[in-house]
Amino acid sequence: MNYITLNNGVEMPAVGYGVYQVSPDECVRCVEDALHAGYRLIDTAQSYDNEYEVGQGLRQSGVVRGDIFLTTKIWIANAGYEKAKASIDDSLRRLQTDYIDLMLIHQPFGDYYGTYRAMEEAYKAGKLRAIGVSNFFADRLIDLCHNVEVMPAVNQVETHVFHQQAELHAIMDKYGVVHESWGPFAEGRKDFFTHPVLQRIGAAHHKTAAQAALRFLLQKDIVVIPKSVHKDRMTQNLDIFDFSLSDGEMKELEGLDEKESLFFSHYDPKMVEWFYDMVKARKLRK
């Protein structure tokens with residue numbers, strides 16, 4: 001495993017295992033499989049509804065807690081100082097741990113400054129080893145960096161060969177914020193796993209299209225959290241440290257960048273309304 005050093009000196013694995021859309025029924029087994037395959041970064045979120053199962057998987061894996069880098073995220077419904085403060089303790093209980101390695105604000109909505117103050121407080125108390133954000137575009141990231149006491153260590157955003165976030169990456173680099181990719185496989189969109197350029201470059205190194213895509217991001221100093229519920233693919237996604245892409249191959253993959261999301265924009269008013277509708281729907285279910 002390779003590691004990236006965060007702006008507070010904490011070391012973060014360069015490749016992790018994400019559990020977005022992993023059902024609670026499968027999550028314990030998947031987390032155990034990932035840890036046994038060699039992953040040491042596990043990424044979850046309050047909104048994934050599987051924090052408890054992640055905690056169970058960590059405990060049942062037999063891997064020492066100090067060797068695991070655990071990430072979770074504060075959901076919009078818990079935005080604001082008081083709610084966020086309580087939700088951090090709730091996440092600690094669900095994850096069955098005394099500390100969380102990285103806590104992120106999941107979306108740039110609501111009173112995220114209040115949320116960030118709660119994270120800063122928990123960070124100083126030793127409950128969180130590092131804090132950061134997710135889905136923050138450059139304007140909000142810059143504004144946050146100029147108005148907080150503890151600089152964000154990570155910004156987790158949609159990043160893959162078709163949406164490489166080069167301009168945002170430069171801003172993150174300027175402010176000392178590590179770039180972390182969600183959706184490194186674009187959830188298979190645009191025939192990702194059979195894309196001819198990815199396949200050809202992968203085959204030149206006796207690797208798959210997926211491995212070539214992950215290696216590309218690693219060489220851009222971007223942390224990746226690929227997801228699979230299949231243990232053989234988990235192992236394959238981790239097997240990307242024994243080769244390097246040439247400058248020419250990197251340039252060719254850079255040429256795939258379409259500079260726009262394959263999912264949605266956090267600047268789209270309809271998407272912002274969708275997020276808040278989801279929050280309301282969850283409250284009604286409870």
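View 1. Among the elements covering the buried residues of helix 5 are helix 4 (112-124), strand 7 (131-134), strand 8 (154-158) and helix 6 (166-175), where contact means heavy atoms within 4.5 Å. This is a predicted model, so local features need pLDDT of at least 70 and side-chain atom pairs count only at pLDDT 80 or more, while totals for chains, interfaces and linings use all residues. Residues are numbered from 1 along each chain as its sequence is written, and side-chain values use heavy atoms, with hydrogens and water left out. Helices (H or I, at least four residues) and strands (E, at least two) are DSSP runs, numbered from the N terminus.

**View 2. The buried side of helix 5.** Leu141, Leu144 and Cys145 are buried in helix 5 (residues 138-145). They sit on the same side of the helix because they cover an arc of only 100 degrees around its axis, going by the directions from the axis to the C-beta atoms. Buried means under 20% relative accessible area, exposed over 50%, and partly exposed in between (1.4 Å probe, protein chains only).

**View 3. Asp101 and its salt bridges.** Arg65 and Asp101 pair up through their side chains at 3.0 Å, N to O; a salt bridge here is a side-chain nitrogen of Lys or Arg within 4 Å of a carboxyl oxygen of Asp or Glu. Arg65 lies in the loop between helix 2 (51-61) and strand 5 (69-74), and Asp101 in the loop between helix 3 (81-95) and strand 6 (102-105), so the pair ties together parts 36 residues apart in sequence. Asp101 is buried, at 1% relative accessible area. Asp101 also meets Arg129 in a salt bridge (2.8 Å, N to O).
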